[in-house]
Amino acid sequence: MQTNRRNFLKAGLLTGAGVAAAPVLQSCQSTEKRNNMKPGDRLEFSFQPYELQLKHVFTLASSSRTTTPVMLTKIRFGDYVGYGEASMPPYLGESHETAAAFYRKLNLTQFNDPMRMEEIIDYVDNIAPGNHAAKCSIDIALHDLVGKMLDEPWYRLWGFSKEKAPSTSFTIGIDTPEVVKEKTREAAGFNILKIKLGRGTDREIIKAVRSVTDVPVCVDVNQGWKDKQEALDMVHFLNENGCVFVEQPMPKDQPDDVAWLTANSPLPIMADEAVQDLADMKKIYGVYSGVNIKLEKCGGLRHAHMMMNTARTLDMKVMIGCMTATSCAVTAGAQLSPFVDWADLDGNLLIKNDVFEGLKVENGKIVLPDAPGIGIQKVSDIDI
């Protein structure tokens, strides 16, 4: 019966006739919390530009940077405050200016009940196309607000067990073999490392890592490989060197080559740049083994949860990833981590000027906070 239901849902998803929706929260509100809502209360929204300072130069297959622009956001409702964040690395095409322009179009004061989350998020989604990171910050702040009103962390509201939160990988950017060795030594204590590849020095980088540690690795090529046979040769090399999976090895506009690679690969091939949001899930089915879901790309927790349900229905692997971000966005993503196969939630560990405290990493494993909402505390005097 379960197999028949899964096949029915899969067929519906691939034809556009079905969608794997996240559970609706409307019925979860308690009378006590409802009584705390005063008739005149309205949602109040504010935002503040912020620049993250990275601990090391962050180098990918196509770019390098030392900072990341973010927008810190806040939604107030009566005595409750929820925090959100939009991390906007350059390749997303968003900036402080585009996010501010989008936020100025919003009128959240029209809403007097934060529990109507579907209605509020649909309103935000339909104000203008794109702006996924900007929308994500509002989604996170709303989830933080509502979780605090219900006095529960979101992993519990979704029915997850915090004990099932996985280890997080720690990211090693592209660099010289000696610097890679140094960064790998600094990552001692993590159970899996994420190695950035794609600039022609891939074997040297992996050998440098392996000269320092034998912990499992995964790799992120950021579309850096162009030839499918050379990509397959590299995958076999990685398989022989303790690699767990390969993320976005080839350009997203070469789906036939990626499908061939996936079919012949000894390792799972995960989609990242090939996927923006839920609508892209049917495009990658049969092309990739799984998907790396990031809140900033898909628009927030609501959409990420829906994408994860969809991926599970399609028998695909699921990974929760992040951008370089404060503990706000990273801890928000971590609320979904008990549901995934792999987690890459180290963005807050790569920066020098965090604004919040949230999730912890102990012995390489994610430790979810018990605090309500997304589980963060503001530790900076920056005004939002």
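Predicted model: local features only at pLDDT ≥ 70, side-chain atom pairs only at ≥ 80, totals over all residues.
Local features are reported only at pLDDT of at least 70 and side-chain atom pairs only at pLDDT 80 or more, whereas totals for chains, interfaces and linings use all residues. Residues are numbered from 1 along each chain as its sequence is written, and side-chain values use heavy atoms, with hydrogens and water left out.

The secondary structure of the chain comes to 14 helices and 15 strands. These are DSSP runs, numbered from the N terminus: helices are H or I with at least four residues, strands are E with at least two. The chain has 384 residues, of which 57% count as buried. Buried means under 20% relative accessible area, exposed over 50%, and partly exposed in between (1.4 Å probe, protein chains only). Contact means heavy atoms within 4.5 Å. Among contacts between residues at least 6 apart in sequence, 70% join residues at least 24 apart.

A search of the whole structure finds 11 aromatic pairs. Rings of Phe, Tyr and Trp (its six-membered ring) pair if their centres lie within 6.5 Å; planes under 30 degrees apart count as stacked, over 60 as edge-to-face and the rest as tilted. One of the pairs joins Phe-45 and Phe-47. Their centres are 6.1 Å apart, with 35° between the planes, and the pair is tilted. Phe-45 is partly exposed at 22% relative accessibility. Phe-47, at 26%, is also partly exposed. Phe-45 also pairs with Tyr-103. Here the ring centres lie 5.1 Å apart and the planes meet at 65°, so the pair is edge-to-face. Phe-45 belongs to strand E1 (residues 44-59) and Tyr-103 to helix H3 (residues 96-103), so this pair ties together parts that are 58 residues apart in sequence. Tyr-103 is buried, with a relative accessible area of 3%. Ring pairs link Phe-45, Phe-47, Phe-102 and Tyr-103 into a cluster.

Charged groups also sit over rings. The criterion is NZ of Lys or CZ of Arg within 6 Å of the ring centre and within 35 degrees of the ring normal. Arg-203 lies over the face of Phe-237, 4.6 Å from the ring centre. The charged end of Lys-228 sits over the ring of Trp-260, at 4.8 Å from its centre.

Lys-228 and Trp-260 are also among the residues in contact between helices H9 and H10. Helix H9 (residues 228-239) packs on helix H10 (residues 255-264) at an angle of about 30°, with the axes 10 Å apart. Axes are lines fitted to C-alpha atoms, for helices over the stretch in contact, and angles run from 0 to 180 degrees between N-to-C directions. H9 and H10 are therefore roughly parallel to each other; angles under 35 degrees count as such, over 145 as roughly antiparallel, 65 to 115 as roughly perpendicular and the rest as oblique. From H9, the contact also includes Gln-229, Ala-231, Leu-232, Val-235 and His-236. Asp-257, Leu-261 and Asn-264 are among the H10 residues that take part.

Cys-328 lies in helix H14 (residues 327-334). At 0% relative accessibility, Cys-328 is buried. Leaving aside neighbours within four places in sequence, Cys-328 contacts Tyr-83, Gly-84, Glu-85, Ile-140, Phe-356, Ile-374 and Ile-376.

Asp-280 is placed in the loop between strand E8 (269-271) and helix H11 (281-284). Asp-280 counts as buried at 10% relative accessibility. Not counting residues up to four places away in sequence, Asp-280 touches Ala-274 and Val-275.
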